[in-house]
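Hello,

Here is the structure I promised to hand over.

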Amino acid sequence: MPKDTLSITDNRTGQSYEVPVADGTIKAMDLRQVRVSEDDFGLMTYDPAFMNTAACRSAITYIDGDRGILRYRGYPIEELADRASFLEVAYLLSEGELPTQAQLDKWTSDIRYHTYVHTNIIRFLEGFRYDAHPMGMLLGVVGALSTFYPDAKEMHDPANRYIQRVRLMAKIPTLAAFVFRQTRGLPYQFPRNDLDYIGNYVNMTFSIGGQHKPNPVLQRALEILLILHADHEQNCSTSAVRAVGSSGVDPFSAISAGIAALYGPLHGGANEAVLRMLDEIGDKSSIPAFIEKVKSGEGRLMGFGHRVYKSYDPRAKLIKRVADQVFAETGLNPKLEIAVELERIALSDEYFIKRKLYPNVDFYSGLIYQAMGYPTEYFTVLFALGRMPGWLAQWEEMLQDKEQKIARPRQIYTGEDQREFVEIGKRK
Ligand code: ACO
C-alpha cells in the first residue's frame, strides 16, 4: 500500500526521515529536523522568486497554467466575462459565492454610499509635479487614505473589515478618475451616485462641463477587462498585499504596497511597456529586426510570457475578442496591425515556441485602453482598478487563515564573517 510520505536520506549523516506529503506538497518546516549536529539550524529550502513554493492555502482563484484555465471560486473566467457584472465578480471573490439579487443590491448600495473621498485628497494630488506618473499618484493617495480612517486598524473585527473593503472598492474609481483629471489638468468631477459602478467611473474620467455621453459598448468592454484582471492568485502584487498585510497594518497601506508592485514593468506595467514597444517598432517592416534583437537578449517582447501560463493565457484570448468589439466602435488603431503581425511572427518562431511564450493579458489590453481614450502611462491604473477585489479577497483570506503569521522569509547569508571596525582614517 503506497504511503503519502516522502523518505529522505541525508547522505551527510546517513540518517533517514519520513515526511508527510499532502496536496502535492511537503511542509518546509518538516525539513528543519534534518540536521548534521545538535546545534545545526536544520535544513531549509532555497527558492528565490518562489518558483516552487506555496505560501498559503487559498480557495479564491484556480489556475492551471499548462491547460490555460482560470477560475474564480470555481467559475470559469469565460463565463464570468460573458455573464457577470464587475461588482458581482467582486462580491464572488470576497464572499465566496455569487450574490443573490438582495445581496448584490446591498453590496452595490454600500459601495455607492462610500464613493466620495475627503477633499484633502485633492490637495495631495495637487502637490504632485505636473508630470507625475499616475501609478505613483495612485499608490500615494491610496496609502494616504489610511490616515483618514484610523478605525481601519481594528482588523480583528470582521464587520470593520467589511467596511474597509467597501471603502476601497468604492473609492478606487474616484481616486483613479481624480488621478486621470490631474494628469490632464482637468477639474475634478465628483461621483454621481445615480450611475452604476463603471458608468460613474467613466463619467468622472471623461465628462467635460458636466456632460458625458456614455457608450455602452465601450463601458461593457471596460467592465470585461476589469473582470479579467480581478484576481490572479499569488502574483507579485497580491503577494505584496498579503506580506505587508500580514504585519497587521491597515488595508489601505497593504493595498498601496500591491499598487507599488503592480507598477513594475514586469507585472502590471507591462501593458504600458507594450505600447512603448509598438511605438518603437513603428512599422510592420521593422518587426523581424525587432524579434532578432529580443532573441539576442536585447530586451523582451513585452506582453509575452507568463510565470504560470505555459500554453496560453485565457485572458488574452478573451481580450482579443473585446478588442474587435472596441475597434468596431472606435475605428482601427494602426498599432493593432503591428501587434497582430508581431504575435503571428513570434508564435511561429522557434525561440518563443521552445520557451512556451504566448501573449499574456497585457498584450492587447493597452491597445484597447488607448482606443478608449486613456493615455499610455495611465493603463496600469486601470489594472489596479480591476485588481482591487482580488487584493481585498486575498487580504481577508490571509487574515482568517490560522496557519498564517507575519511573512518573514529566510536567507542564505553570503556576506563577511565577523570583522573588526576600522576607524575612518585607516580605511583603504
Ligand atoms: N521576451 C523574450 N524572451 C522572454 C520573454 C519575453 N517576453 N519572457 C521570457 N523570456 C525568456 C527568458 O529570457 C528566458 O530565456 P532563457 O531560458 O534563454 O534564459 C525564458 O524565456 C524564461 O524566462 P523567465 O524570465 O525565466 O520567465 P519568468 O517566468 O521568470 O518570467 C515574465 C515571466 C516576467 C512575465 C516574463 O515572461 C516577462 O518578462 N515577460 C514580459 C513582461 C510582461 O509581459 N509581463 C506581464 C506579465 S502578466 C502580468 O503581470 C499581468
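**Aromatic rings**

Searching the whole structure turns up 18 aromatic pairs. Rings of Phe, Tyr and Trp (its six-membered ring) count as a pair if their centres lie within 6.5 Å; planes under 30 degrees apart are stacked, over 60 edge-to-face and the rest tilted. One of them is the tilted pair of Trp107 and Tyr162, with 6.2 Å centre to centre and 45 degrees between the planes. Trp107 belongs to helix α3 (residues 101–113) and Tyr162 to helix α6 (residues 158–184), so this pair ties together parts 55 residues apart in sequence. Helices here are DSSP runs (H or I, at least four residues), numbered from the N terminus.

Phe180 and Tyr374 have ring centres 5.9 Å apart and planes at 80 degrees, so they form an edge-to-face pair. This pair links distant parts of the chain, 194 residues apart: Phe180 is in helix α6, Tyr374 in the loop between α16 (362–372) and α17 (379–400). Phe180 is buried, at 1% relative accessible area, and Tyr374 is buried too, at 3%. (Buried means under 20% relative accessible area, with a 1.4 Å probe and protein chains only.)

Ring pairs also join Phe304, Tyr351, Phe352, Phe363 and Tyr364 into a cluster. Over the ring of Tyr351 sits the charged end of Arg355, 3.8 Å from the ring centre; this requires CZ of Arg (or NZ of Lys) within 6 Å of the centre and within 35 degrees of the ring normal.

Please note that the model is predicted: local features need pLDDT of at least 70 and side-chain atom pairs 80 or more, while totals for chains, interfaces and linings use all residues. Residues are numbered from 1 along each chain as its sequence is written, and side-chain values use heavy atoms, leaving out hydrogens and water.

Best wishes

Note on methods
Helix = DSSP H or I, 4+ residues; strand = E, 2+ residues; numbered from the N terminus. Buried < 20%, exposed > 50% of the residue type's maximum accessible area, 1.4 Å probe, protein only.
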